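Open the model in your viewer and keep the selection panel at hand. The tour goes from the whole chain to single residues.

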Amino acid sequence: MSRIGKNPIKLASGITVTVSPANEITVKGPKGELKRSIDRDIKVEVKDGVLTVSRPTDQIRHRALHGLYRALIANMVKGVTDGFKKQLELVGVGYKATHQGQLLDLSLGYSHNIIFEVPKELKVSTETVKGANPKIMLEGIDNQLLGQVAAKLRSLRKPEPYKGKGVRYSDEVVRKKAGKSAGK
């Protein structure tokens, strides 16, 4: 058995999980609703506030999907109860971030500003404090979408290894290289 796949998911009160005959899972909670279609071979059962995921055989494909779908469903349940947050930090002289609604205006040292449209499912906020690096906070219930948008923002100016300048996650540690040595 998959170690991840065999773990049951405990559903808190106020969360409803429905499985349609076409194997589409809908999770509703206080923060919203998420839907995901899963493979037809994977079975999902909800009994007494506990959700279990099972597979029909021990084929490699079924073993792989077993743990995958259990983790995805657990993220859906956590998303509709608590939500997810990611914080990015802009490290570099003159790097700025401002937002108007869902539009993020980034100044990352290029000759022009980058206008990035954040999907409507996510909530974006920026923070600029004197003496500290500008921060971008992303919040949402869909962990996959949140991670994808955060990775796209980071890819606009990845942290470079010599001075550490760029867009990074707030908890990310950038390993720095020594650079050139002094003359003989």
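What follows is a list of stops, each with something to select.

**Before you start**

This is a predicted model, in which local features need pLDDT of at least 70, side-chain atom pairs count only at pLDDT 80 or more, and totals for chains, interfaces and linings use all residues. Residues are numbered from 1 along each chain as its sequence is written, and side-chain values use heavy atoms, with hydrogens and water left out.

**Stop 1: the whole chain**

Show the protein chain as a cartoon. Its secondary structure comes to 2 helices and 13 strands. Helices (H or I, at least four residues) and strands (E, at least two) are DSSP runs, numbered from the N terminus. The radius of gyration is 21 Å, well over the 16 Å that the globule rule gives for 184 residues, so the chain is more spread out than a compact globule. That radius is taken over C-alpha atoms, and the rule is 2.2 Å times the number of residues to the power 0.38. Along the principal axes, the C-alpha trace spans about 65 × 45 × 25 Å.

Of the 184 residues, 36% count as buried. Buried means under 20% relative accessible area, exposed over 50%, and partly exposed in between (1.4 Å probe, protein chains only).

Colour by charge next. The protein chain has 34 positive and 18 negative side chains, and the centres of the two sets lie 8 Å apart. Lys and Arg count as positive and Asp and Glu as negative; His and the chain ends are not counted. Each charge is placed at NZ of Lys, CZ of Arg, CG of Asp or CD of Glu.

**Stop 2**

Select residues 96-100 and 103-107. These are S8 and S9, paired in the antiparallel sense over 5 bridges. Two strands pair if DSSP finds at least two bridges between them. Gln 100 has Leu 103 of S9 as its bridge partner. With 2 residues between the strands, this hairpin includes Gly 101, at a positive phi near 65 degrees.

S10 runs antiparallel to S9, joined by 4 bridges. Leu 103 bridges to Glu 117 here. The hairpin of S9 and S10 has 6 residues between the strands, and Gly 109 takes a positive phi near 90 degrees.

**Stop 3: Arg 157**

Move to the loop between helix H2 (143-155) and strand S13 (166-169), where Arg 157 lies. At 25% relative accessibility, Arg 157 counts as partly exposed. Which residues does Arg 157 touch, not counting those up to four places away in sequence? Select Tyr 95, Leu 108, Gly 109, Tyr 110, Gly 166 and Val 167. Contact means heavy atoms within 4.5 Å.

**Stop 4: two residues with positive phi**

Most residues other than glycine have a negative phi. Asn 23 has a positive phi near 60 degrees. Find Asn 23 in the loop between S2 (16-19) and S3 (24-29). Is Asn 23 buried or exposed? At 12% relative accessibility, Asn 23 counts as buried.

Asp 48 also has a positive phi, of about 50 degrees. Asp 48 lies between S5 (43-47) and S6 (50-54), in the loop. At 80% relative accessibility, Asp 48 counts as exposed.
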